[in-house]
Amino acid sequence: MTSATGAPGPVAAEPLTTGQPDTDAAAAPAGASGDGLAPGSSVRAGRLPTVAGTRELTMLAFRRDRIMLVAWIYFLIIISVSGGYGLKLVYKTAASRASLAASVRADAALSFIYGQLNGTSLGAIAAWRYLPYAAATAALMSIFIVVRHTRADEETGRLELIGATAVGRNASLATALTVAAVANIVVCVLTATVLDVSGLPAAGAIAYAVGQACCGLAFAAIAAVAAQMSSTARGARGLAIAGLVVAFLLRGIGDSGSSHGLAWLTWLSPIGWAELMRPFAAERWWVIAVPLAVAVTLAGAAVALAAHRDQGSGLVPPRPGPAVAGLLLGGPVGLAWRLQRGTLAGWAAGFLATGLAIGAVTTSIGKILGSNATIEKAFTRVGGQAALTNSYLAGCMSLLGLIAAAYAVAAVLRLRADETGARSEPLLAAPVGRLRWAWSYLLVALAGTAVVMVAGGLGVGLAYGLAAGDVGTRVLSLMGAGLAQVPAALTVAAVATLAIGLRPRWSDGVGWAVLGITGLIGVLGPALQLSQPVLDISPFTHVPRLPGGVFSATPLIWLGAAVVAIGAVSLAGLRHRDIG
């Protein structure tokens, strides 16, 4: 429009109309909110229910976790079923079971490690031997599931993208708890079924499976609370796993301290609640109410806490770092160490605790196995020695070596994770070459593997030495046995490094597949009497059987040379391929 003088004038901000009535407004009845909802609906003015979209997110979560969930469920079932089958071979007679029960009641260390033995039936022995560890494994599964779909997705920005759609604030939390609950229920049903089919009483099988699942549900809720407290997925997992460690210790102290008035501590542990249901020994079904009540209460607390924090932050703010970086961060090695030192500390603490548990029962291994020639022969094949105690310790050190290989693989794969997460580009933009950057991660993996094995050997030697009255000799011997496993563990990690250098997209699958194959050969190969060429596929087959065996440096040198050669090829491939 123009003014009276013909010059352009200001244009009024008039609404643009077509001359037609607003059909949506005209069609809406009086009192309607305009969003298609009736008055009084919980969704007003564009607000969504806090759990809107949970069904779709849950379906997506199951699709994302389809492989991981199958692996967890399979592993949990195998723990109970294979253990029960093995016990049938060991304790065939009532006399052998009664002898075991007497030994357990007289040895507080056995009660601390395995729990209470309620009865002398085969089912009661299976629950004593495997239920605490099956319940702890179900708890670990729940922790990883819940943190993955809450804090981890929030940390990577996935939840921010999802939250921009028609999804409620608590949908991710509800999804995580739903997936964890379904996984535990499936484990419960399958475990009860296979235990019943194996010939154990149905009531005890159901109590065993329900106790295991209820522990998993309780820790799913604990993980949900931890995800609200910490601002990082690693911190949330650390808090929840720390709670699991405390629960295991409370159960162990309560089970071993009945003569000192400490049995009540078992009631403070979710693992203890599974045990207190007394599977296969006059089951106490009312105990189920305790973990379920805790799970519901803590899940409600997680929802309440989620409403009092900002997206991407935790209720406990992260600690600010120093204003000036130290000398350690002056190079890529120091940075790699800084990024992984917390993880290494957790692994080392776990190995130390596991070593203490192994060493504590070493002097009682004869009582546990009794005089069964079949099981002694199996231990001899696994440990590679005639003496039962040395064979047991050698087999345990080999098992710790396999677990250390898992740490080494995870540490090496951090190299690929930082590459795909674009965290390596700023570092490589500085005067840091690819080889220095990659070597820093490999060096931390090498040193970390040695540290965790020394921690494991220290724990075994310390506990065994205290029981045998010879701490110094046992500690040095078993720390040396632990270090002997390092070249084999690094050989497994070297294959993952080779995939990073040549086929980076395959690195995760190759690394964990090689570890799985190596573990199957190492654990089941001697018992199944596989041929020597098959056993030789595993690098752990070539490690000297220590303690007690004949030490030879030749296989360790060859394994070390293989690690160096594979590492060189890996670094050459990394140098000549695109980053990312």
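Predicted model: local features only at pLDDT ≥ 70, side-chain atom pairs only at ≥ 80, totals over all residues.
I begin with the helix pair. Two packed helices are described by the angle between their axes and the distance between the axes. Helix H6 spans residues 122-156, and helix H10 spans residues 233-256. Their axes come within 9 Å and cross at roughly 160°. That angle is over 145 degrees, and therefore H6 and H10 are roughly antiparallel to each other. The crossing in which H6 passes H10 is right-handed.

Which residues in H6 and H10 meet? On the H6 side they include Tyr133, Leu140, Ile143, Phe144 and Val147, together with Arg151 and Glu155. On the H10 side, Ala236, Ile241, Leu244 and Phe248 are among them, as are Arg237 and Arg251. Taken as a whole, the residues of this contact divide into 15 nonpolar and 4 charged, with no polar ones.

I now turn to empty space. Rolling a probe the size of a water molecule over the atoms shows where such space is left. How many cavities of 30 Å³ or more does a search of the whole structure find? The search finds 3. The largest cavity holds about 60 Å³ of space. Its lining includes Gln116, Asn118, Trp128, Leu131, Glu275 and Arg278. By type, the lining residues are 6 nonpolar, 2 polar and 2 charged.

Notes
Residues numbered from 1 in each chain as written. Heavy atoms only, no water. Axes fitted to C-alpha atoms, helices over the stretch in contact; angles between N-to-C directions. Helix = DSSP H or I, 4+ residues; strand = E, 2+ residues; numbered from the N terminus. Parallel < 35°, antiparallel > 145°, perpendicular 65-115°, else oblique. Left-handed = near helix turned anticlockwise from the far one by under 90°. Contact = heavy atoms within 4.5 Å. Nonpolar A, V, L, I, M, F, W, Y, C, P; charged D, E, K, R; others polar. 1 Å grid on protein atoms, 1.4 Å probe; cavity = no way out; pocket = protein on both sides within 12 Å on 5 of 7 lines; lining within 4 Å. Points joined across faces, edges and corners; volume = space filled by probe spheres on them.
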